[in-house]
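Biologist: I would like to learn how to read a model like this one. Please take one feature at a time, with the general idea before the case.

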Amino acid sequence: MADVTTLRTAAETGLSKLFEVHRLKLPGAAIAREEAFRYFEAAGLPHRRVEAFKYTDLRAAVREAAPPADAPDAETARNAVKAARGFAGIEAARLTFVNGHLVAALSDLSGLPEGLEVVTFAKAMAEGHPLLDHLAPVEQTRENPIYQLNAAFMADGAVIRVAAGARIERALHLRFIGTGSSPFSTATRVLVVAGDESEFTLLESHEGPDGIAYQPNDVLDVVIGDRARVLHSRLNIEGDAAIALSTVSARLGAGSHIETVNVVTGAVLSRHQLYLHFAGDDATATVNGAAMIRDGQLADSTLLADHAAVGGISREQFKTVIDGDATGVFQGKIIVRQIAQKTDGKMKSDCLLLTDEGQMMNKPELEIFADDVACGHGATCGAPDEDLLFYLMARGLPRPEAESLLVQAFLGEAIEAVTHEGAREAMIAEIEGWLARRG
């Protein structure tokens, strides 16, 4: 039999070279990084023939491997923070990451609320912090090349412990800011371990410069104890040339709850992956997303809710507004294991097309092995309702203003799920800003 040679792209070859250069400089166990990168190297950048990436061809999109960004100097970090807008006006404790590196001088490491412990991921990896024992991602992330690429290159981030029984009233805001005049890449990892019966609010904002093809790849792993609550709001306002990859992996204990809402206006290509594993009985999840894209952007939301315990409830709602020749993608799957009787799972994706050039790819799935469940999924796609537009215009509103009102009402269903008032208002402001820029 003839030997088969796998052709590699310039980006894949470049990533291999970068890994060889940087692997011994990065903190933590080199063996684990080697294992993660070898998996990625064998799989390569995912492409259309990989079912999970059918609509988001990273092999075609990523033309070059951007080098990992160096830690910024103090002045560069200060200037980046001054220009940042994500969740800027909200009262919160803050951890600031510039080009993927935590900047202690611009973070609130010493003024954290009681019951909240934060260690930088770089320090945790270097010292073998015991909380890293919780770093056991859900099954599906092990076979995900984006997640494994992050595991190979992760340079910094945070390990966050919420003490059992603690009710942390003050939100923690993780602000990730990119800056530079040439392409760069970042790989950050955040691990949250929420103890039994605790409650914690986490905000994330991700932003960077326009016109620079930088490549962020961030991962949030969450381990939620029994009867604990984690409220998570995420804002993607990355630069207009960025290729932004992100993953949220959550393991839910008995009676626990997670609320996670992701709003997207940035990046030329973004893929946000969510993996939920219902490990304990009677856990609940609210998972929402709102994407507003235009002018060649692609925004991909990919979800897997794995019910492996009795009585789990999951509600997933994703809204996409498309202007111009942009492309929206929603892939969602609910798995109900045989043991997971009494599961209640509902998933829906809705798209509003503002022009004829846009396109939306919807792929909702159910995989059910139990017989006492209530599960369903649906997807809709269409233009703004002409009757409603006529009604608003007949009362003196110009068509652009009438369309804006309909867009805000359409997206409002997803944003209303945000419990934190300040985060909800910031997301509404981002929607209004996107509409204002649309003109």
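Modeller: Start with the element names: helices (H or I, at least four residues) and strands (E, at least two) are DSSP runs, numbered from the N terminus. Residues are numbered from 1 along each chain as its sequence is written. The model is predicted, so local features need pLDDT of at least 70 and side-chain atom pairs count only at pLDDT 80 or more, while totals for chains, interfaces and linings use all residues; side-chain values use heavy atoms, with hydrogens and water left out.

Biologist: Where does Asp 356 lie in these terms?

Modeller: Asp 356 lies in the loop between β17 (344-353) and β18 (359-368).

Biologist: Is Asp 356 buried or exposed?

Modeller: Buried means under 20% relative accessible area, exposed over 50%, and partly exposed in between (1.4 Å probe, protein chains only). Asp 356 counts as exposed because its relative accessibility is 76%.

Biologist: How do I read strand pairing?

Modeller: Strands of a sheet pair through backbone hydrogen bonds, either parallel or antiparallel. Here, two strands pair if DSSP finds at least two bridges between them. By that rule, 10 strands form an open sheet with mixed pairing, in the order β2-β1-β5-β7-β9-β11-β13-β15-β17-β19. At its edges stand β2 (101-102) and β19 (374-382), each with a single partner strand, so one side of each has no neighbour in the sheet.

Biologist: How many bridges join β13 to β15?

Modeller: Strands β13 (residues 284-294) and β15 (residues 313-323) run parallel and are joined by 11 bridges. Ala 291 stands opposite Thr 320 in β15.

Biologist: Which strands pair with β8?

Modeller: Strand β6 (residues 185-194) runs parallel to β8, with 10 bridges between them, and Leu 191 stands opposite Asp 221 in β8. Strand β10 (residues 243-252) is also parallel to β8, joined by 8 bridges. Within β10, Ala 250 is the bridge partner of Val 222.

Biologist: What covers the two faces of a strand, and how would I check?

Modeller: In a regular strand the side chains alternate between the two faces of the sheet. Check each face for buried residues. In β8 (residues 215-224), 10 of 10 residues are buried. One side carries Gln 215, Asn 217, Val 219, Asp 221 and Val 223, the other Pro 216, Asp 218, Leu 220, Val 222 and Ile 224, and both faces are covered.

Biologist: What about charged pairs?

Modeller: Side chains of opposite charge can pair when their charged atoms come close. A salt bridge is a side-chain nitrogen of Lys or Arg within 4 Å of a carboxyl oxygen of Asp or Glu. The structure holds 32 salt bridges. In one of them, the side chains of Lys 319 and Asp 350 meet at 3.1 Å, N to O. This pair links distant parts of the chain, with Lys 319 in strand β15 and Asp 350 in strand β17, 31 residues apart. Both Lys 319 and Asp 350 are buried.

Biologist: Which salt bridge does Glu 403 form?

Modeller: Glu 403 pairs with Arg 438, the closest N and O atoms being 3.0 Å apart. Glu 403 lies in helix α8 and Arg 438 in helix α9 (residues 421-438), so the pair ties together parts that are 35 residues apart in sequence. Glu 403 counts as buried at 9% relative accessibility, whereas Arg 438 counts as partly exposed at 23%. Elsewhere, salt bridges that share partners join Arg 8, Glu 20, Arg 23, Glu 34, Arg 38 and Glu 41 into one network.
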